[in-house]
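Please examine the protein displayed below, starting with its overall fold and ending at its ligand.

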Amino acid sequence: MELSPAPAGHDHAAAFADVKARVHVAEASCGRAGSGVRVLVATKTWDADAAVAAVRAGAVLVGESRMQELEAKGAALTAAGARIHVIGQLQRNKAAVAVRWADCVQTVDSLALAQRLSRLCVEAGRELDVMVQVNVSGESTKAGIEPEDALDFAGTVQALPALTVTGFMTIGLNSPVEAAVRAGYRRLREIRDQALIASERGAMDLREAWELSMGMSGDLEWAIAEGATMVRVGTAIMGTRTPPAY
Ligand SMILES: *Cc1c(COP(=O)(O)O)cnc(C)c1O
């Protein structure tokens, strides 16, 4: 695990402000002005000082992908007032690290993982927000529950002790074709809408599951146009590291 220091002279506050401005323009241009899309800063591969610099710059939500890194940065991030989300694939044997530091695990993609998180939270006497990761891209290499299974899965997870399903997360199709990328994001929104409608009717208990975590540095405008409530941005806020860590 080699963590990078902040690039020399990088201004996290200016970069964060630029991304917020991009988000505001995107909201306005699709009729969602003032809808409060939140920006989560992906701090993976950056060292604790760089991650804390982003938090000081106004980024309250941070996303970590690897539990070894989270263990190394968790105390500093928490002390800085960050709300930590797990955004990388979480192995069951690393779930304790997430339960120790995270406010939310966005990447719940198996019942076994959800059950383990639930049990660890009960033991620790805490509650944990989780999102269901859905594979909307159709790429077999991507993690996530299949779209047709996502709603039932979310209901099953919500029924576990100490967990609250706060929404759905996806990693979009890596493609320059706007229509193809947006179709995936639209699919995620449909799942979320079904969850809320079913809850309204009393058929499910997913009324907290309104969050849509989708969109990254390269495509956040498309995700916001499809209803994203949270975008996950790394490079555009943290800068570019040389060489790339992974
Ligand atoms: C790294 C990461 C991001 C941010 O990616 P950028 O392209 O650097 O903005 C978003 N989501 C997930 C799951 C990530 O791992």
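The protein has nine helices and eight strands, where helices (H or I, at least four residues) and strands (E, at least two) are DSSP runs numbered from the N terminus. Its radius of gyration, 17 Å, is close to the 18 Å that the globule rule gives for 246 residues, so the protein is as compact as a globular protein of that length. This radius is taken over C-alpha atoms, and the rule is 2.2 Å times the number of residues to the power 0.38.

The model is predicted: local features need pLDDT of at least 70 and side-chain atom pairs pLDDT 80 or more, while totals for chains, interfaces and linings use all residues. Residues are numbered from 1 along each chain as its sequence is written, and side-chain values use heavy atoms, without hydrogens and water.

Polar contacts (pairs of N or O atoms within 3.5 Å) can be located individually. A polar side-chain atom of Ser217 lies 2.4 Å from a ligand oxygen, and a backbone N or O atom of Gly234 lies 2.8 Å from an oxygen atom of the ligand. In the side chain of Arg232, an N or O atom is 2.9 Å from a ligand nitrogen.

Note on methods. Polar contact = N/O pair within 3.5 Å; in protein donor to acceptor, adjacent residues only side chain to side chain.
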